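User: I've got a new model open and want a quick walk through the sheets. Can you start me off?

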Amino acid sequence: MRTIAFIFGTRPEIIKLAPVILELKKYTSDYKVLIVNTEQQKELSNQTLAYFGLKADYNLDCMRENQSLSSVQARILTSLDSVYSENSINATIVQGDTMTVLCGALTSFYHKIPVFHVEAGLRSYDIYEPFPEEVMRQMTSRVADIHFAPTNVNKNALIKEGIAENKIHVVGNTVIDALFCLSKEVLEESRQFFVNKGIEINDKLILITAHRRENHGERIDKIIKAISFLAEKYSDHTFVIPVHPNPNVHDKIHSRLGNFDNIHLLSPLDYPNLVYLMKNSKLILTDSGGIQEEAPSFACPTLVMRYETERKEGIESGVSKLVGADYEKIITESEKILQLSKEKSRLISKNPYGDGLSSKRIEAIIREYFH
């Protein structure tokens, strides 16, 4: 039996790793799954784990108020080192590009344990867009033994960086697997959640998320200004904004958008409720990476409020468009969609990021690696 450690700390990591964990747990005689949560997003990560029926073996409580990136890194590395010293681990699985991912990969490397990187090969090639994630995923690639790339674009990026092709496997994105975990009963509960909130979910729904570090400061001001214009002009549309708790975002959004009757400012949503909004949205405005991957499953037009994206397949397929924090561009591109009916605004029927079978492919590759 092989002990596989899953290291994560944020909600997106859990959403994308949960299907892999559940797949490995099917084979109890082959794998012992060790779940380690750094709690980089403490409340959100534990809430999402519970949705998938999972519980961490280790909760590391690594976050402190107003700590620097260096302090976070030091605390996570030290905490993970204790976990690895206490357990006999055969492989580490990390996903994406967070501080937890880098620290998990480094700790595993220091203990000479192979690293399997889920969602490998995403690149913007601008080390400050997104910051600090672009550097973290590039550094993780240097120590990974297996690279689970979502698409051929990601595979080619890794090959160009000198990664051996036999270490790279194109498996699709596990976030699509997670979408398929949602039952009709769960979605009905989500529908009722918004009914209880007094939020009408109809064909004129706009979902907005903005939280990225590089969008703090003047950029968030421009984004808020554009949202204000759109909400006022399209007063018959419903704008829903799950507001990130970071005060650089939270306070500005609440002070400037809180008085609009057609803007609903919510606390961060659990995974099923966010998926329900994506499923029913006419338009999505976001700087999130995960939403860029999920929205194509619902053929929903998505305006990406970033100047660079490592998820270029959505741009190339036409389901996403980069608008940055450009006030004029956000308004112009939004109006192209909002002037149409929802039915006429739908884009594609096939998601370029996956088919829901990524976890099965990953398990088969891990099995082959050990045998």
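Analyst: A working rule before the sheets: two strands count as paired if DSSP finds at least two bridges between them. Also, this is a predicted model.

User: Fine. Which strands form the six-strand open sheet, and in what order?

Analyst: The order is S10-S9-S8-S11-S12-S13, and the pairing is parallel. The edge strands are S10 (263-266) and S13 (320-322), each pairing on one side only. From one strand to the next, the twist averages 20°.

User: What holds strands of a sheet together, in general?

Analyst: Strands of a sheet pair through backbone hydrogen bonds, either parallel or antiparallel.

User: Let's look at S8. Buried or exposed?

Analyst: Buried. Five of the five residues of S8 (residues 205-209) are buried, so the strand is largely enclosed by the rest of the structure. The cut-off for buried is under 20% relative accessible area.

User: Which way do the S8 residues point?

Analyst: Leu205, Leu207 and Thr209 point one way. Ile206 and Ile208 point the other way. Residues of both groups are buried.

User: How many bridges are there between S8 and S9?

Analyst: Three, and the two strands pair in the parallel sense. S9 covers residues 238-242. Ile206 has Phe239 as its bridge partner in S9. Between the two strands, the chain crosses through helix H9 (residues 218-233), and this β-α-β crossover is right-handed.

User: And how many bridges between S8 and S11?

Analyst: Four, again in the parallel sense. S11 spans residues 283-286. The bridge partner of Leu207 there is Ile284.

User: What joins S11 to S12?

Analyst: Three bridges, with the strands running parallel. S12 takes in residues 302-304. Thr286 has Val304 as its bridge partner in S12.

User: Now the seven-strand sheet. What's the order there?

Analyst: S3-S2-S1-S4-S5-S6-S7, an open sheet with parallel pairing. Its edge strands are S3 (58-59) and S7 (168-170), and each pairs on one side only.

User: How many residues of S2 are buried?

Analyst: Six of the seven residues of S2 (residues 31-37) are buried, so S2 is largely enclosed by the rest of the structure. Seven bridges join S2 to S1 (residues 2-8), and the two run parallel. Ala5 has Leu34 as its bridge partner in S2. The chain gets from S1 to S2 through helix H1 (residues 11-24), in a right-handed β-α-β crossover.

User: What about S2 and S3, how many bridges?

Analyst: Two, in the parallel sense. The bridge partner of Asn37 in S3 is Asn59.

User: And at S7, how does S6 pair?

Analyst: S6 (residues 146-149) pairs with S7 in the parallel sense over three bridges. His147 has Ile168 as its bridge partner in S7.

User: Changing topic. How many cavities of 30 Å³ or more are there?

Analyst: One. The largest cavity has a volume of about 30 Å³. Its lining includes Leu122, Pro150, Asn154, Arg311 and Tyr353. By class, the lining has three nonpolar, three polar and four charged residues.

User: Last one, Glu328. Where is it, and why does it count as exposed?

Analyst: Glu328 sits in helix H14 (residues 327-338). Glu328 counts as exposed because its relative accessibility is 51%, and the cut-off is over 50%.

User: How far is Glu328 from Lys222?

Analyst: They are 106 residues apart in sequence and 9.4 Å apart in space, C-alpha to C-alpha.

Definitions and conventions: Residues are numbered from 1 along each chain as its sequence is written. This is a predicted model: local features need pLDDT of at least 70, side-chain atom pairs count only at pLDDT 80 or more; totals for chains, interfaces and linings use all residues. Side-chain values use heavy atoms; hydrogens and water are left out. Buried means under 20% relative accessible area, exposed over 50%, partly exposed in between (1.4 Å probe, protein chains only). A crossover is right-handed if, with the strands pointing away from the viewer, the path from the first strand over the helix to the second runs clockwise. On a 1 Å grid over the protein atoms alone, a cavity is a set of points where a 1.4 Å probe fits but cannot get out, and a pocket is an open set with protein on both sides within 12 Å along at least five of seven lines; lining residues have an atom within 4 Å of a point. Grid points are joined across faces, edges and corners, and a volume is the space filled by probe spheres set on the points. Ala, Val, Leu, Ile, Met, Phe, Trp, Tyr, Cys and Pro count as nonpolar, Asp, Glu, Lys and Arg as charged, and the others, Gly among them, as polar. Axes are lines fitted to C-alpha atoms, for helices over the stretch in contact, and angles run from 0 to 180 degrees between N-to-C directions.
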